[in-house]
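Here's a quick briefing to read with the structure open beside you.

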Amino acid sequence: MALLIASSSRADLFAEAARACDGDLDVRVAPDIGRREDVTCALVWQPPQGLLKGLPNLRLIISIGAGVDSLLADPTLPDVPLVRFVDPDLTGRMAEYVALHVLFHHRRMTEFRELQSRKVWKYLPEPAAHEVRVGIMGLGVLGTAAASALGAFGYRLRGWARTPKSVAGVSSFCGADGLDAFLAETDILAVLLPLTPATRGILDRKLFSRLSQQGRDARLPGPALINAGRGGLQIDTDIAAALDAGDLYAASLDVFEAEPLPATSPLWSHPRVVVTPHNAAESAPSAIVRYALRQMQRQRCGEPLENLVDIRRGY
Ligand code: NDP
Ligand code: OXD
């Protein structure tokens, strides 16, 4: 019974944490798999396609990420339970990221940074939080936590999901029918959707042009986008075009169509874009490993696994 760690980043840290948690555990790190028959569980982030198929006794796959789009893109993914990572460590970090960037755009930091670059001391009027409408696309584990963090500041919150939600202090919108109304009164859009066939490319020119069309406080310079979901949700060139056309005023982007973001991308040097390297919620290896060992234990004891991925739904 061995645990295989196959991760495109931090694999050694996960292995070290697993050995520290359970000294008796047989931990292998890809590509040094050893006898493939020994592996019963795989803890993975972007493993090479086909790797898991070659493990004949695999009984459980645990995704190091909350998002499983790259795993589901593997046509050879074995038909065993797939659990995704859901944990206060990840959730707390994401709530921080969203709150940080909502505050950044609400408090007109793009303009203050530009003024600072010219050594200009200038007052800019700012609305209060309760005069700013924040729309969250994806009201699952992370979207709900972000809403709760933002609620503490008093923002007017709206959320959009596939199905109706009842979250305290958040107006709920859902499905294609609810999207227009959701966008029309959203000043700052925070995106925490999974990447699925239904959401791929949803953040395009057309969507940006529908943002904040009604009742925006005149002290806000224009709509802002925060995407910490997946790069495949957005069309990078549409973001640049919307910024230049004024449909978007500013953006904070943690994810991109291609990662690392190519040096040729105009987003790197756009004065109204904040680029972060897909680190909105980089969880501690110890938290990920503790979670993985708990799932292995639950499976051994015949208890239900937590946060099973619905493969047909895609998240
Ligand atoms: P959840 O599965 O808990 O929530 C997903 C939400 O998206 C749900 O509210 C769901 O609606 C909604 N949704 C899914 N498909 C659609 C659709 N077609 N139309 C409208 N709404 C839809 O996921 P998490 O909150 O845990 O994570 C969200 C994503 O965040 C991950 O998939 C991952 O891509 C990304 N992420 C990024 C990180 C980073 O560092 N940048 C870190 C961690 C995650 P419903 O509830 O109605 O089904
Ligand atoms: C995740 C991520 O999905 O870090 O957890 O992107």
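Ligand 1 has 29 residues around it, and the closest are Arg84, Leu142, Thr163, Lys165 and Tyr315. Keep in mind that this is a predicted model. Both domains have a hand in that shell: domain 1 (2–87 + 283–300) and domain 2 (90–275) each supply at least three residues.

**Ligand 1**

- Start with the backbone on the protein side: a polar backbone atom of leucine 142 sits 2.9 Å from an oxygen atom of ligand 1.
- Arginine 162 also uses its backbone, with a polar atom there lying 2.9 Å from a nitrogen atom of ligand 1.
- Aspartate 254 brings in its side chain, where an N or O atom is 2.9 Å from a nitrogen atom of ligand 1.
- On its own, ligand 1 would expose 950 Å², and the protein buries 92% of that.
- Which elements give two or more residues to this shell? They are α3 (88–106), α5 (141–151) and β7 (156–161).
- Sorted by class, the shell around ligand 1 comes out as 17 nonpolar, seven polar and five charged residues.

**Ligand 2**

- The residues surrounding ligand 2 are Trp45, Gly65, Ala66, Gly67, Leu90, Arg230 and His278.
- By class, that makes three nonpolar, three polar and one charged residues in the shell of ligand 2.
- Glycine 67 makes its approach through the backbone, with an N or O atom 2.8 Å from an oxygen atom of ligand 2.
- Arginine 230 comes in with its side chain, placing an N or O atom 2.7 Å from an oxygen atom of ligand 2.
- Histidine 278 has a polar side-chain atom 2.6 Å from an oxygen atom of ligand 2.
- How much of ligand 2 does the protein bury? Of the 210 Å² that ligand 2 exposes when taken alone, 80% is buried by the protein.

**The two domains**

- The chain splits into domain 1 (2–87 + 283–300) and domain 2 (90–275), so the assignment builds domain 1 from two stretches of sequence.
- Ten residues from domain 1 and six residues from domain 2 take part in the contact.
- An interface is often sized by the accessible area its parts lose on coming together.
- For this pair, domain 1 and domain 2 bury about 680 Å² between them, with 50% of it on carbon and sulfur atoms.
- Over on the domain 1 side, Asp69, Asp87 and Ser283 lose the most area to domain 2, and together they account for 55% of what that side buries.

- As background, most peptide bonds are trans, and most residues other than glycine have a negative phi.
- Have a look at the peptide bond from alanine 30 to proline 31: it's cis, with omega near 10 degrees.
- Proline 31 belongs to the loop between β2 (26–29) and β3 (39–45).
- There's also a cis peptide bond from glutamate 259 to proline 260, where omega is near -5 degrees.
- Where does proline 260 sit? You'll find proline 260 in the loop between β11 (250–253) and β12 (273–275).
- Lysine 119 isn't a glycine, yet its phi is positive, near 55 degrees.
- To find lysine 119, go to the loop between α4 (109–117) and β6 (133–137).

Conventions
Residues numbered from 1 in each chain as written. Chains lettered and ligands numbered in written order. Predicted model: local features only at pLDDT ≥ 70, side-chain atom pairs only at ≥ 80, totals over all residues. Heavy atoms only, no water. Near = heavy atom within 4 Å. Polar contact = N/O pair within 3.5 Å; in protein donor to acceptor, adjacent residues only side chain to side chain. Areas by Shrake-Rupley, 256 points an atom, 1.4 Å probe, with all protein chains shown as cover. Nonpolar A, V, L, I, M, F, W, Y, C, P; charged D, E, K, R; others polar. Helix = DSSP H or I, 4+ residues; strand = E, 2+ residues; numbered from the N terminus. Contact = heavy atoms within 4.5 Å. Buried area = accessible area lost by both parts, 1.4 Å probe.
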